[in-house]
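Here is a short briefing to read alongside the structure.

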Amino acid sequence: MTDRPTRDLTPRQAQILMRVVAEYIATGQPVGSRLLVESGAVEASASTVRYELAELETRGLLGHPHTSAGRVPTDAGYRLYAEGLLEQPLGAATLPVDLSGVRNEVDAALHSTTEMLSQVTSLLAVVSAPPLETAEIRHVEVLLLQSRVVMVVAITATGGVTKRIFPFASEVDPKLVEWAGAYLNEQLAGVSLGARALRQRLFDPGLSPREVSFLEAIEPAFTDLVGGGEQSLYVGGAARLMDEMRDADVAEINHLMHALEERVSLLEVLRGALDINRLYVRIGAENAIPHMRSLSLVAANYGLPARNLGTVSLIGPTRMDYATAIRSVRGAAALLSEFVEQVYE
């Protein structure tokens, strides 16, 4: 392979590359000059097409398996193909999923979207949930489990529920617990967990030392959630994709399984995509996770007009149907953005 620029292709070379990639994605078989000519995909002689295929191979865009005269795309070939699709007005797919029934339950909406996304694409769908600190507190319960044990339950506007248990050195006054529940609902309802005002709202200047002491003891039920909890991932379609890949190389299937196991690394990749306000595509060796270097990732962000909250992504073999993946991810991201705008506003 040479250092010649891969983008500096003639129109005919670009056409041949697009046709080879599309045909290989559709059939999984190496593509030769005869097929391209006889199908009418390229208006040129077989010898001319063979020359151009060799040129594309020299540029590192196509590979040449030993057992066939045909060519297969390399990661660089898939990259140019995907970039060509991104430049086209592919639009967004309309997914057959209705989120009106889940109301404000973000968890249910993410789960439904993930499952439907995997079904329509036969790829692995991975969706990251909004960070917990972006959710507003809807309701707080302070419960006396035992004479010296208190549980604090926080319910967010997105349907999330968190609970913390606090042991005390001495018996806790039930009336103090009852007061704390009413006070916290009055002070914190509608306040985001990550808001700077949360701690100020917790400690009103008019509180007695006894009340301040109790609130300081249970404060971590709210403040420790910010930045401390692991962002949730919703995964769908693993079994379906494994079935689709049953004829693939065993190593490729193992790589997919390892990628699923490395949820923390996968979450970091999706978090990195949050800062990118466009569709995000990583192909083969471009992936930072070693076990994903035989796979491709197509992702898009969803959220509020002024802030991205999470990422919708599809993972599959490099021979995935990129056009369908791009349209589906765009559709899912638009669907979830519309949903969370209603929840967070």
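**Starting from one leucine**

Leu-145 is found in strand β4, which covers residues 137–146. The model is a predicted one, so please read each value below as computed from predicted coordinates.

- Is Leu-145 buried, partly exposed or exposed? With 44% relative accessibility, Leu-145 counts as partly exposed, because buried means under 20% and exposed means over 50%.
- Together with Leu-143 and Ile-165, Leu-145 makes a nonpolar surface patch of about 250 Å².
- Once neighbours within four places in sequence are left aside, Leu-145 is in contact with Met-151 and Ile-165.
- Leu-145 and Pro-167 are 22 residues apart in sequence, and their C-alpha atoms are 9.8 Å apart in space.

**The overall picture**

- The secondary structure of the protein comes to 13 helices and 10 strands.
- The protein has 345 residues, and 48% of them count as buried.
- Its accessible surface comes to about 17,100 Å², with 49% of that belonging to carbon and sulfur atoms.
- Among contacts with a separation of 6 or more, 64% are between residues 24 or more positions apart.

**The nonpolar cores**

- In soluble globular proteins, nonpolar side chains tend to be buried together.
- Which residues have the most contacts inside the largest nonpolar core? They are Leu-36, Val-298, Tyr-302, Ile-315 and Tyr-322, in a core of 76 residues.
- Helix α13 (residues 322–344) supplies the largest share of this core, with 11 residues.
- A second, separate core has 25 residues, including Val-140, Tyr-183, Val-191 and Ala-221.
- Ile-315 has a list of contacts beyond its neighbours within four places in sequence, among them Leu-123, Leu-124, Val-126, Leu-241, Leu-256 and Leu-266. The list also includes Met-292, Leu-295, Ser-296, Leu-297 and Met-320.

**Ser-296, a buried polar residue**

- Ser-296 has its place in strand β9 (residues 295–304).
- Its relative accessible area is 0%, so Ser-296 is buried.
- Which side chain makes a polar contact with the side chain of Ser-296? The partner is Tyr-322, at 2.8 Å; Tyr-322 is also one of the residues with the most contacts inside the largest nonpolar core.
- Leaving aside neighbours within four places in sequence, Ser-296 is in contact with residues including Arg-282, Ile-283, Gly-284 and Asn-287. Its contacts also include Leu-314, Ile-315, Gly-316, Pro-317, Thr-318, Met-320 and Tyr-322.

- Side chains of opposite charge can pair when their charged atoms come close.
- Glu-52 and Arg-12 meet through their side chains in a salt bridge, at 3.2 Å from N to O. Glu-52 lies in helix α3 (residues 46–58) and Arg-12 in helix α1 (residues 11–27), so the pair ties together parts that are 40 residues apart in sequence.
- Within that pair, Glu-52 counts as buried at 5% relative accessibility, whereas Arg-12 is partly exposed with a relative accessible area of 37%.
- Glu-57 and Arg-71 form a salt bridge at 3.1 Å, N to O. This pair links distant parts of the chain, 14 residues apart: Glu-57 is in helix α3 and Arg-71 is in the loop between β1 (62–63) and β2 (72–73).
- Here Glu-57 is partly exposed, with a relative accessible area of 27%, while Arg-71 counts as buried at 9% relative accessibility.
- Glu-83 and Arg-79 also meet in a salt bridge, at 3.9 Å from N to O. They are four residues apart in helix α4 (residues 75–86), so about one helical turn separates them.
- Glu-83 is buried, with a relative accessible area of 17%, and Arg-79 counts as buried at 15% relative accessibility.
- Through salt bridges that share partners, Arg-79, Glu-83 and Glu-286 are joined into one network.

Conventions. Residues are numbered from 1 along each chain as its sequence is written. This is a predicted model: local features need pLDDT of at least 70, side-chain atom pairs count only at pLDDT 80 or more; totals for chains, interfaces and linings use all residues. Side-chain values use heavy atoms; hydrogens and water are left out. Patches are made of residues with over 30% relative accessible area and no salt bridge: like charges are joined within 9 Å, nonpolar side chains (Val, Leu, Ile, Met, Phe, Trp, Tyr) within 5 Å. Accessible areas come from the Shrake-Rupley method with a 1.4 Å probe; for residues, only the protein chains shown count as cover. A salt bridge is a side-chain nitrogen of Lys or Arg within 4 Å of a carboxyl oxygen of Asp or Glu. Helices (H or I, at least four residues) and strands (E, at least two) are DSSP runs, numbered from the N terminus. Buried means under 20% relative accessible area, exposed over 50%, partly exposed in between (1.4 Å probe, protein chains only). A nonpolar core is a set of buried Ala, Val, Leu, Ile, Met, Phe, Trp, Tyr and Cys residues joined through side-chain atoms within 4.5 Å. Contact means heavy atoms within 4.5 Å. A polar contact is a pair of N or O atoms within 3.5 Å; within protein, one must be able to donate a hydrogen and the other to accept it, and residues adjacent in sequence count only if both atoms are side-chain atoms.
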